[in-house]
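Hi,

Here is the structure I said I would pass on.

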Amino acid sequence: MATLPAGRDKYRSFLDDEADSVQWRHGGPPTYDVVNQLFEQGRTKEWEEGSLEETVQNAIKTWEMELSHKVRLQDFKSINHENFNLIVNGREGLKGEEALKMGSYNALLKNSLPKEFQYYKADEESFESSHEAFRSAFPRGFAWEVIHVYSGPPLIAFKFRHWGIFEGPFKGHAPTGEKVEFYGIATVKVCFKSLFE
């Protein structure tokens, strides 16, 4: 793997050339050095540079970075602000502002299971508390990769893998040092201009 200058990120486009007007949640752009190392050590696929698989992988990582670290939707470059709709497991869709207010963990993990079966209760968490809980449990981050792309644009269907090492406490549960991973299927409808130029 080529060495990049400190702070540069080859997986999240737009991170290194953001305007000074962007409002960051923690005062400046995040660094992903630690989770990028976890990704490089644990990835199962290495996509050809410029391939659809690499483009989708990096686009999703960019969107997650923006959702987790930018304060204003107007600063997002990875989505169409007017048309964005996040639908998870058949739930009602969330518009960009709604997802931004909830935070990535709450937006992606909210479910309609009975409370006794919910190990994570998104309705009881704020943006800040959700991020603190997962940063504590997975101090090296939770890496993400595309496993397979089933269809090309404009409606892209793909399989992904998400993993991390449970090295910190989580909601009263002691760390085990075990790898936690899951696989999923997703679709994303893209605008050629925003994703491929």
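Let me start with Tyr-105, which is partly exposed at a relative accessible area of 23%. (Buried means under 20% relative accessible area, exposed over 50%, and partly exposed in between, using a 1.4 Å probe and protein chains only.) Before going further, a word on provenance: this is a predicted model, where local features need pLDDT of at least 70 and side-chain atom pairs count only at pLDDT 80 or more, while totals for chains, interfaces and linings use all residues. Residues are numbered from 1 along each chain as its sequence is written, and side-chain values use heavy atoms, with hydrogens and water left out.

Back to the aromatics. The whole structure holds 12 aromatic pairs; rings of Phe, Tyr and Trp (its six-membered ring) pair if their centres lie within 6.5 Å, and planes under 30 degrees apart count as stacked, over 60 as edge-to-face and the rest as tilted. Tyr-105 and Phe-134 make a stacked pair, with 4.2 Å centre to centre and 15° between the planes. Tyr-105 belongs to helix α4 (residues 104-109) and Phe-134 to helix α5 (residues 127-137), so the pair ties together parts that are 29 residues apart in sequence. Helices (H or I, at least four residues) and strands (E, at least two) are DSSP runs, numbered from the N terminus. Phe-134 is buried, with a relative accessible area of 13%. Elsewhere, Phe-138, Phe-142, Trp-144, Phe-158, Phe-160, Phe-166 and Phe-182 form one aromatic cluster.

Helix α4 also carries Asn-106, which is buried at 2% relative accessibility. Its side chain makes a polar contact of 2.5 Å with the side chain of Tyr-120. (A polar contact is a pair of N or O atoms within 3.5 Å; within protein, one must be able to donate a hydrogen and the other to accept it, and residues adjacent in sequence count only if both atoms are side-chain atoms.) Leaving aside residues up to four places away in sequence, Asn-106 touches Tyr-120, Ala-122, Glu-125, Ser-126, Phe-127 and Ser-130, where contact means heavy atoms within 4.5 Å.

Ser-126 sits in the loop between α4 and α5 and is partly exposed, at 34% relative accessibility. With residues up to four places away again not counted, Ser-126 touches Met-102 and Asn-106. The C-alpha atoms of Ser-126 and Gly-103 are separated by 7.8 Å, the two residues being 23 apart along the chain.

Two charges sit over rings (NZ of Lys or CZ of Arg within 6 Å of the ring centre and within 35 degrees of the ring normal). The charged end of Arg-25 is over the ring of Phe-127, 3.7 Å from its centre. Lys-61 lies over the face of Phe-39, at 3.4 Å from the ring centre.

Finally, some backbone points to check by eye. Where is the cis proline? The peptide bond from Pro-153 to Pro-154 is cis, with omega near 10°, and Pro-154 is in the loop between β1 (143-151) and β2 (155-165). Asn-89 is not a glycine but has a positive phi of about 50°; this residue lies in the loop between α2 (52-69) and α3 (96-102) and is exposed, at 77% relative accessibility. Lys-171, also not a glycine, has a positive phi of about 50°. Lys-171 is in the loop between β2 and β3 (179-189) and is partly exposed, with a relative accessible area of 44%.

Best wishes
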